[in-house]
Amino acid sequence: MPERIWRIIEGIWLGAGAWPDFIEAMRLVLPSGGSDKEGPDREPAKWALLPGLCCQAAGGDARWADSLAAAWLLFYIAADIMDSVEDQDEPDPWWQESGPGMAINVASGLYFSASQVLNSLYQYDATRSAAPDVTRKFLNDFLIMCSGQHRDLTNPEPLLDQYWQIAAAKSGYFFGLACQAGARLGTDESKKISSYQQYGYHLGMLLQILDDLEDFYGLQSSSTSVKWRTLKKSLPVVYALQMYSGSNERQLRQCLKDASGDNKAAEEAIALLEGSGVVVYLISEMARHRSLAIENLEQAKPQPAEAEFLETFVSDIGAPV
Amino acid sequence: MSLAQVVYNISTDNEFASQWNLDPESALADKGLQISREEQAFLTAGLKNGRFGDSRKVRLSELALVHRGWM
């Protein structure tokens, strides 16, 4: 992540007069503590490259999208924190002692910081004309994301179609936004912008599937505590519970409930999930979203160098095991 | 939903699975299922990459492990 992106964020904080201890609290939740250093948490920073890549792919200059990248990253981290609080996840060390109130306050600070960064699009010649469209799109899409989160929170056992709607609202739209907004700074051709949005959307859907798969890494090893409430909303379980009926469905529900701390129940749950064809289903859906991401990228006719980067983001997901 | 239903039938119904291997369109018609050509292509990828029909099927944990670094 370029140093200039971090400077934008720091500039917003200092310019706003936020207090040093609060700035430090926000800085610490940024990838690698808000610097360009390599580190285990650099994944959000990787995805924040999308606006710049899409801007340049669409014929612009990646630097025009620096504010977008900074805003998107801040929104990403804020949404991630809020998601953890809302899902009642195990607290991260930095808010464990002070409680969820601290997490919510830091997330709020990041949201306001992101909004301030978006405002800066109006200040520069390269981004001024696109600023109203981009800002409106950001805020509209965030309302859609909140709608998805609301549905997620109020529906403990989504059906498969509902799962996909929620995944689209929470992840598809968010990554679509990064790509669309970046492309918008590079071009005003609406079909191209739409193709970038769809590329990002399908990338976001792929990442949501991977996020759900992560839950099952823990279940297999039985070495981490498994949260039944979270698993019930993951794609593999939603799929299997909808496909199974009768005794298989009842058995799966019971095994998933007992899986935490009971290796036999965990193994039975896995066997039932795998018996339903869930692996084939997951790979098929990953193939779908990967194919559609690449198809839309091709339709956007991106600059070759950026096309290669954007393609590598999706090309290996769901590839043969 | 249809793709999910077809996957489930292939995985749990040996007769459907055999018919699918010989003539996917007939297999679908007999069950009253419908998927697009694109979905059929994605399913073919899923069956191949999940090594369906092979004694060595891909496990859920293997799929999770392979993709762990992507997030």
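**Lys301(A) and its setting**

Guide: Lys301(A) counts as exposed because its relative accessibility is 62%, the cut-offs being over 50% for exposed, under 20% for buried and anything in between for partly exposed, with a 1.4 Å probe and protein chains only. The model is a predicted one, in which local features need pLDDT of at least 70 and side-chain atom pairs count only at pLDDT 80 or more, while totals for chains, interfaces and linings use all residues. Residues are numbered from 1 along each chain as its sequence is written, chains are lettered from A and ligands numbered from 1 in the order in which they are written, and side-chain values use heavy atoms, with hydrogens and water left out.

Lys301(A) lies in the loop between α16 and α17 (304-315) of chain A. The helices named here are DSSP runs of H or I with at least four residues, strands are runs of E with at least two, and both are numbered from the N terminus. The backbone of Lys301(A) has a phi near 50°, which is positive although the residue is not glycine.

Gln88(A) sits in the loop between α5 (66-86) and α6 (93-96) of chain A. With a relative accessible area of 60%, Gln88(A) is exposed.

Ser276(A) occupies the loop between α15 (263-275) and α16 (278-300) of chain A. Its relative accessibility is 0%, so Ser276(A) counts as buried. The side chain of Ser276(A) reaches the backbone oxygen of Leu273(A) at 2.6 Å. A polar contact is a pair of N or O atoms within 3.5 Å; within protein, one must be able to donate a hydrogen and the other to accept it, and residues adjacent in sequence count only if both atoms are side-chain atoms. With neighbours within four places in sequence set aside, Ser276(A) is in contact with Tyr239(A), Ala240(A) and Tyr244(A), and also with Val7(B), Tyr8(B) and Ser11(B); contact means heavy atoms within 4.5 Å.

Ala271(A) belongs to helix α15 of chain A. At a relative accessible area of 45%, Ala271(A) is partly exposed.

Helix α10 (residues 160-186) of chain A holds Trp164(A). Trp164(A) counts as buried because its relative accessibility is 15%. Not counting residues up to four places away in sequence, Trp164(A) touches Met205(A), Ile209(A), Leu235(A), Tyr281(A), Glu285(A) and His289(A). Its C-alpha atom and that of Gln208(A), 44 residues away along the chain, are separated by 9.8 Å.

Helix α5 of chain A includes Ser67(A). Ser67(A) is buried, since its relative accessibility is 6%. Apart from neighbours within four places in sequence, Ser67(A) contacts Ile8(A), Val117(A), Ser120(A), Leu121(A) and Tyr124(A).

The C-alpha atoms of chain A fill a box of roughly 65 × 50 × 35 Å along the principal axes. Chain A has a radius of gyration of 21 Å, in agreement with the value near 20 Å that a compact globule of 321 residues would have; the radius is taken over C-alpha atoms, and the globule rule is 2.2 Å times the number of residues to the power 0.38. Of the 321 residues in chain A, 53% are buried. Contacts between residues at least 6 apart in the sequence of chain A join residues at least 24 apart in 74% of cases.

Chain A exposes about 14200 Å², with 51% supplied by carbon and sulfur atoms; accessible areas come from the Shrake-Rupley method with a 1.4 Å probe, and for residues only the protein chains shown count as cover. The 26 positive and 43 negative charges of chain A have mean positions 5 Å apart. Lys and Arg count as positive and Asp and Glu as negative, with His and the chain ends not counted, and each charge is placed at NZ of Lys, CZ of Arg, CG of Asp or CD of Glu.

Chain B, whose residues Val7(B), Tyr8(B) and Ser11(B) contact Ser276(A), has 5 helices and 0 strands, in the order α-α-α-α-α along the sequence. Of its 71 residues, 41% are buried. Among contacts in chain B with a separation of 6 or more, 34% are between residues 24 or more positions apart. The accessible surface of chain B is about 4000 Å², and carbon and sulfur atoms account for 46% of it.
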